Amino acid sequence: MLTARIKAIAGHLPEGRLTNDALAARFPDWSADKILEKTGIAERRIAADGETALDLAEGAARALLAKEGLDPAEIDFLLLCTQTPDYVLPTGACLLQARLGLPTSAGALDFNLGCSGFVYGLSLAKALIESGQAKRVLLVTADTYSKLLDPDDQSVRTLFGDGAAATLVEAVEADAPLIDPVVFGTDGKGGEHLMVRRGGFREPSAGGDMVLRMDGPAVMAFTLGHVPKAVDGLLQRTGRTMEEHDLFVFHQANGFILERLRRKLAIAPERFVIDMREVGNTVSSTIPLALAPLLQAAGAPRGAPRRAMLVGFGVGLSWAAASVVI
Amino acid sequence: MSALYAGLAEIFEVDESEISPAAELAAFNWDSLAIISTLALVDEVHGVLLDGQALAKCETVADIEALVAKETA
């Protein structure tokens with residue numbers, strides 16, 4: 001059967017770094033050690049002035065093409081997930097098509113999701129491939145949330161970092177699907193819990209006021225309430241068990257929330273991936289950045305395939321869960 | 001409530017003997033991180049998710065216990 005699979009992933013991070021020492025100097029009631037202990041994050045990568053999500057997206061895509069030795073002409077669809085676009089219009093994916101030299105016959109579109117975006121993107125790529133409309137989909141996640149943060153808001157500055165990831169999803173022949181049907185969830189009633197109020201057309205920006213506000217307790221309650229249900233929903237939809245999954249790669253929101261989820265779902269620590277210490281919460285790129293080192297290197301002999309559960313959750317509120325073979 | 005008290009002591013980084021119903025939360029740095037941690041603690045101990053805003057308004061340990069009692073009733 002024709003099935004979509006995750007072939008390769010490459011990340012790209014800006015050079016700038018925000019360390020816990022720098023944060024502790026700005027927010028004296030938290031020591032650098034306490035920030036690390038509570039968030040699981042040692043440093044975040046921060047885009048420079050004039051460096052945008054599209055620049056990071058291009059860096060990740062170029063790294064992926066180089067790593068795979070892939071000709072841009074072989075990509076027939078480009079999906080770009082970002083909430084920090086260069087322009088209101090045109091579509092960032094169109095600009096990225098030109099920058100990368102993808103064929104003009106390629107389809108390209110942006111979709112605006114945050115921490116659930118990678119899993120949604122996988123579902124879109126799977127649908128394009130398994131319906132015969134595309135053979136090689138380039139799924140790029142990229143954001144520069146640092147540009148939306150209030151410098152005095154400790155609760156978000158300790159968590160978010162900038163970054164991008166490019167994932168190649170391609171058509172292969174296999175005995176069984178390599179990406180199971182994805183399960184989704186949406187609750188727009190919680191939209192205000194993670195929100196940049198200004199800068200759209202409802203409340204135009206007056207300059208300098210495009211700021212992310214997060215209601216931490218509400219987001220925590222949402223996560224602890226909905227993520228376990230999404231996991232149950234995925235198991236029911238796919239007929240799989242927790243034990244069948246070798247790895248669990250959840251959105252890397254922060255170390256505290258991940259540890260709570262791990263305990264609530266009774267997942268063994270060695271199967272539960274936590275990989276955000278050097279990058280922080282990179283929004284839609286956390287799952288592919290954590291997944292990248294777990295994929296087999298190009299050209300390496302293929303070992304036993306492993307099954308991973310991916311769960312994205314956050315701004316929207318929006319969530320999605322997938323079971324994939326890597 | 002002992003699991004709750006032990007958890008609160010851990011969150012506030014104080015000895016468990018300092019946690020009593022009358023204990024004032026303001027004395028323990030009742031900030032957003034403490035509120036988030038308490039929300040997760042109550043979920044783990046009692047299996048209920050409190051409303052963050054209601055939790056933020058609690059002034060004493062007894063207020064938290066009353067909120068939990070209301071949710072588990």
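The model is predicted.

I'll start with a parallel pair in chain A. Strand β4, residues 77-81, is joined to strand β5, residues 107-111, by 5 bridges, and the two run parallel. To get from β4(A) to β5(A), the chain goes through helix α4, residues 92-100 of chain A, and this β-α-β crossover is right-handed.

Next, the open sheet. It has 4 strands in chain A, in the order β8-β13-β12-β11, and the pairing is mixed. Which strands stand at the edges? They are β8 (183-186) and β11 (247-250) of chain A; each has a single partner strand, so one side of each is left without a neighbour in the sheet. On average, and ignoring direction, neighbouring strands are turned by 15° against each other.

Helix α5, residues 117-130 of chain A, packs on it and touches β8, β12 and β13 (318-325) of chain A, with a direction about 60° from that of β13(A). Helix α7(A) also packs on the sheet, touching β8, β11, β12 and β13 of chain A, and its direction makes about 140° with that of β12(A).

Staying with α7(A), look at its packing against helix α8, residues 255-264 of chain A. The angle is about 35° and the axes are 10 Å apart. The crossing of α7(A) past α8(A) is right-handed. On the α7(A) side the contact is made by M220(A), T223(A), L224(A), V227(A) and P228(A); on the α8(A) side, by F256(A), I257(A), R260(A), L261(A) and K264(A). By class that gives 7 nonpolar, 1 polar and 2 charged residues.

Now across to chain B. Helix α7, residues 216-238 of chain A, packs with helix α2, residues 32-46 of chain B, at about 25°, the axes being 9 Å apart. The two helices are therefore roughly parallel to each other, and their crossing is right-handed. From α7(A), the residues G216(A), P217(A), M220(A), A221(A) and L224(A) meet I35(B), I36(B), L39(B), A40(B) and D43(B) of α2(B). The classes here are 8 nonpolar, 1 polar and 1 charged.

One last point on α7(A): M220(A) and L224(A) are among its residues meeting α2(B), and M220(A) and L224(A) also take part in the contact with α8(A).

Definitions and conventions
Residues numbered from 1 in each chain as written. Chains lettered and ligands numbered in written order. Predicted model: local features only at pLDDT ≥ 70, side-chain atom pairs only at ≥ 80, totals over all residues. Heavy atoms only, no water. Pairing = 2+ DSSP bridges. Right-handed = clockwise from strand over helix to strand, strands pointing away. Axes fitted to C-alpha atoms, helices over the stretch in contact; angles between N-to-C directions. Parallel < 35°, antiparallel > 145°, perpendicular 65-115°, else oblique. Left-handed = near helix turned anticlockwise from the far one by under 90°. Contact = heavy atoms within 4.5 Å. Nonpolar A, V, L, I, M, F, W, Y, C, P; charged D, E, K, R; others polar.
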